[in-house]
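Open the model in your viewer and keep the sequence panel beside it. The stops below say what to select next and what is there.

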Amino acid sequence: MEMEKSVEDVVIVGAGIAGLATALGLHRLGIRSLVLESGDSLRTSGFALEYGRMVGGHLMLLALETSFVQSTNGLQGGIITTSVISGLTTSQLPFTAIHSWGDLEFRFVNRKVLLETLETELPKGTIRFSSKVVRIETDHHHHFNSIHLADGTVLQSKVLIGCDGVNSVVARFLGFSKPSFAGRSTVRGLVDFENGHGFEPKLTQFVGKGMRYGVIPCDDRTMYWFFTFSPTPQDRKVEEDPIKLKQFILSKLGKVSDNIRAVFEKTQVQNMQCDGVVMNFVRDKIVAKFMAGTLLKKAGFDCGKLTVSS
């Protein structure tokens, strides 16, 4: 069977936010690209994405920022931290105390909405689904990359951009070592309150007993939440069962109000996702654990910023 061959100017591996945003940025500059996605549709895991002034500026450059500002509520109040042991508020920190950039506004946008918006802004045919990359080779004489797909297709491109997550085939091709687990797990979820949730536009987090979790409003009806912890070997088994995982989380919430508990109770298991916190930008086990501990201590909150999913 003869292999199908195709020549492309720019090939991007991975149709996540990074891949589609890169493709759209190139499109705005008049540069055509082809995005390869191994799945048969867009992957919408992750549920929500936080962005502030810097990302808002990038969305503006992509001509997307206005639509998201209109569809999301800004988090203007700051971060409220409460102890899961005593149930008492330990700190209230405005965003201006975290950064010295003046008035800041953070927003959380539904990841599915963002991905679909990016897709509609791209020319038809930009994304090629069911295109799993199995091997990459370099022709040093002709200065192009040969990208072999699972269906036998071979793409040739001078520019190859990897946006394919923690288990990146492009990273493996470049000789990067495997990513290292940092010793923490993150569960994320999204829940819709038909009649509105009634929460103020603030990030409310709870800490103690080796855990950190919080709830954040995306809009008037939708709440995003995160729950991070250092799992024991037994806990790792619980992560494999969504029902048991939800029960585990509910049992660890500590002293919280009924409206906070309701956010977790009302979340459907299909709207939950558990990932290991992986330091994909530091691919060394010793350094990864050190960096993870340092960054998590310095972080104002733990909402999956260090979490990536394949």
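Helices (H or I, at least four residues) and strands (E, at least two) are DSSP runs, numbered from the N terminus. This is a predicted model, so local features need pLDDT of at least 70 and side-chain atom pairs count only at pLDDT 80 or more, while totals for chains, interfaces and linings use all residues. Residues are numbered from 1 along each chain as its sequence is written, and side-chain values use heavy atoms, with hydrogens and water left out.

**Stop 1: Leu20**

Select Leu20, which lies in helix α1. Is Leu20 buried or exposed? Its relative accessibility is 0%, so Leu20 counts as buried. Buried means under 20% relative accessible area, exposed over 50%, partly exposed in between (1.4 Å probe, protein chains only).

Now show what surrounds Leu20. Contact means heavy atoms within 4.5 Å. Leaving aside neighbours within four places in sequence, Leu20 is in contact with Ala15, Val35, Leu42, Leu115, Leu118, Glu119, Leu122 and Ile127.

**Stop 2**

Two strands pair if DSSP finds at least two bridges between them. Colour the open sheet of six strands in the order β8-β2-β1-β11-β10-β9; its pairing is mixed. β8 (127-128) and β9 (133-139) stand at the edges with a single partner strand each, so one side of each has no neighbour in the sheet.

Zoom in on β1 (residues 5-13) and β11 (residues 154-162). They run parallel, joined by eight bridges. Which residue of β11 is the bridge partner of Ile12? Select Ile161.

Then bring back helix α1 (residues 17-28). Helix α1 packs on the sheet and touches β1, β2 (34-36), β8 and β11. The direction of α1 makes about 110° with that of β1. Such angles run from 0 to 180 degrees between N-to-C directions, and axes are lines fitted to C-alpha atoms, for helices over the stretch in contact.

**Stop 3: the largest nonpolar core**

A nonpolar core is a set of buried Ala, Val, Leu, Ile, Met, Phe, Trp, Tyr and Cys residues joined through side-chain atoms within 4.5 Å. The largest one has 23 residues; Trp225, Phe227, Ile249, Val263 and Phe264 have the most contacts inside it. Two or more residues each come from β12 (180-192), β14 (211-217), β15 (222-229), α8 (242-251) and α9 (258-265). β15 gives the most, with four residues.

Centre on Val263. Beyond four places in sequence, Val263 touches Val191, Phe193, Phe199, Val215, Met223 and Trp225. A second, separate core of 17 residues includes Ile12, Ala15, Leu115 and Cys163.

**Stop 4: β12 and β15**

Select β12: 10 of its 13 residues are buried. β12 pairs with β15 in the antiparallel sense over eight bridges. Leu190 stands opposite Tyr224 in β15.

**Stop 5: α8 and α9**

Show the two helices. α8 and α9 pack at an angle of about 170°, with axes 10 Å apart. They are therefore roughly antiparallel to each other, the term for angles over 145 degrees. At the contact, Lys246, Ile249 and Leu250 in α8 meet Arg261, Phe264 and Glu265 in α9.

**Last stop: the whole chain**

Zoom out. The protein chain has 10 helices and 16 strands. Of its 310 residues, 46% count as buried.

Notes: Angles under 35 degrees count as roughly parallel, over 145 as roughly antiparallel, 65 to 115 as roughly perpendicular and the rest as oblique.
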